[in-house]
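Thanks for making the time this morning.

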Amino acid sequence: MSDILKSSRRAFLRGSVAAAAGAVTAGAARAATPDPLITEVQDWASGLGQGVDEVPYGLPIEFESDVIRRNVEWLTADTISSINFTPIHALDGTITPQGCAFERHHSGAIELKKEDYRLMINGLVDRPLVFTYADLERFPRENHVYFCECAANTGMEWAGAQLNGAQFTHGMIHNMEYTGVPLRSLLNEAGLSGETAGKWVYVEGADASSNGRSIPLEKALDDVLVAFKANGEALRKEHGYPVRLVVPGWEGNMWIKWLRRIEVLDQPVESREETSKYTDTLADGTSRKWTWVMDAKSVITSPSPQMPITHGPGPLVVTGMAWTGHGRITRVDVSRDGGKSWETARLSQEGGNKALVRFYLDTDWDGGEMLLQARAMDETGYVQPTKSQLRDVRGENSIYHNNCIQTWHVKSNGEAENVEVS
């Protein structure tokens with residue numbers, strides 16, 4: 001940060017109109033005159049508030065009622081098999097509250113009691129087993145923060161800028177702390193027969209769609225989690241209560257909810273969800289499969305179409321989030337001119353393994369137009385590509401795994417819209 005900007009920020013924080021030399025925002029300038037919100041006793045300070053038992057389970061205050069998941073009505077024929085979007089534009093930090101974490105259902109969210117829950121492991125194992133929920137609780141458990149991203153996140157943007165808001169372009173993602181039992185513990189309990197190389201597990205859910213997916217046994221024995229808690233509490237119904245699969249760094253369709261069966265096999269099943277769906281269609285009409293890993297990606301959440309600049313010129317915090325299925329994010333750059341020049345943003349913390357990291361660019365806005373972009377890099381050296389770079393390889397027929405650099409056109413009035421730059 002330049003010495004001029006540092007001085008400007010000090011003046012701003014002191015509330016000194018003279019020191020700011022006209023660059024102070026309207027809010028700070030009002031401090032020079034009496035403010036009734038300070039000088040007069042307000043209603044909230046004139047009586048008693050709610051008691052401790054008023055809301056047994058805490059909910060957001062009514063003034064934040066706009067921070068909700070949203071659906072795109074024309075996206076699917078019915079909400080039973082559809083998706084809604086995390087309001088990432090209105091969040092900060094990295095942990096997504098369960099109550100606003102995106103949902104994806106193939107036959108609707110089901111109600112399944114813990115007492116009725118069963119998990120079967122069968123196939124190429126020494127001892128086919130069935131676990132109850134209480135059985136799972138007796139295994140040594142772990143806690144990990146991971147992001148879950150739908151492979152179709154940003155998928156509607158392949159052919160051009162379409163949806164106007166970070167919630168809609170990038171909101172098929174959440175980042176939560178999961179508690180559960182490593183899948184390898186359950187597989188070892190059942191006993192793996194013979195060599196593990198080249199084997200697979202087929203996992204399916206208890207809902208009507210079952211949403212079965214094949215996963216290489218190598219991944220299943222690595223970091224896959226059979227989870228029953230998120231952010232310290234029970235999973236929500238829409239997130240697979242009482243038990244779901246967590247497949248770190250890999251596409252969300254593999255994170256099977258209401259997990260009911262795991263079969264060890266010597267080959268993949270080639271189910272609907274891994275052949276006709278969740279494959280990448282190329283320009284020549286062929287499709288490639290097994291593209292499970294979510295590559296490095298980032299997005300600026302503020303300013304953005306749903307979070308315009310409202311304070312006028314002066315100090316501005318540009319913020320967003322970045323993630324990679326290959327491990328850790330090591331750097332995020334921000335451009336204000338559509339990629340002509342870049343500034344390195346500040347990471348709020350060291351990037352977690354297969355987890356979101358928050359970035360900030362503390363800067364100064366002169367009131368001019370900007371073409372805001374973010375570009376993420378991960379520990380493998382991978383650099384987030386432009387949309388043109390992706391199209392050069394895959395054309396415009398794809399839906400899944402669009403991790404292109406996103407552009408927001410910020411206008412002089414502070415409003416923003418989704419655009420492309422050539």
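Let me start with a question: does Cys100 count as buried or exposed? Keeping in mind that this is a predicted model, Cys100 counts as buried, because its relative accessibility is 7%, below the 20% cut-off. The sulfur of Cys100 lies 14 Å from the closest cysteine sulfur, which belongs to Cys148, and that is too far for a bond. Cys150 is in no disulfide either, the nearest cysteine sulfur, again that of Cys148, being 8.1 Å away, and Cys150 is likewise buried, with a relative accessible area of 5%. With a disulfide taken as a pair of cysteine sulfur atoms within 2.5 Å, the count comes to zero disulfides.

Trp44 sits in the loop between α4 (36-39) and β1 (70-71), and with a relative accessible area of 66% Trp44 is exposed.

Now for the chain as a whole, which has nine helices and 23 strands. Its radius of gyration is 24 Å, close to the 22 Å that the globule rule gives for 422 residues, so the chain is as compact as a globular protein of that length. Of those 422 residues, 50% count as buried, and of the contacts with a separation of 6 or more, 72% are between residues 24 or more positions apart. Finally, the accessible surface comes to about 19800 Å², and 50% of that surface belongs to carbon and sulfur atoms.

Note on methods. Residues numbered from 1 in each chain as written. Predicted model: local features only at pLDDT ≥ 70, side-chain atom pairs only at ≥ 80, totals over all residues. Heavy atoms only, no water. Buried < 20%, exposed > 50% of the residue type's maximum accessible area, 1.4 Å probe, protein only. Helix = DSSP H or I, 4+ residues; strand = E, 2+ residues; numbered from the N terminus. Rg over C-alpha atoms; globule rule 2.2 N^0.38 Å. Contact = heavy atoms within 4.5 Å. Areas by Shrake-Rupley, 256 points an atom, 1.4 Å probe, with all protein chains shown as cover.
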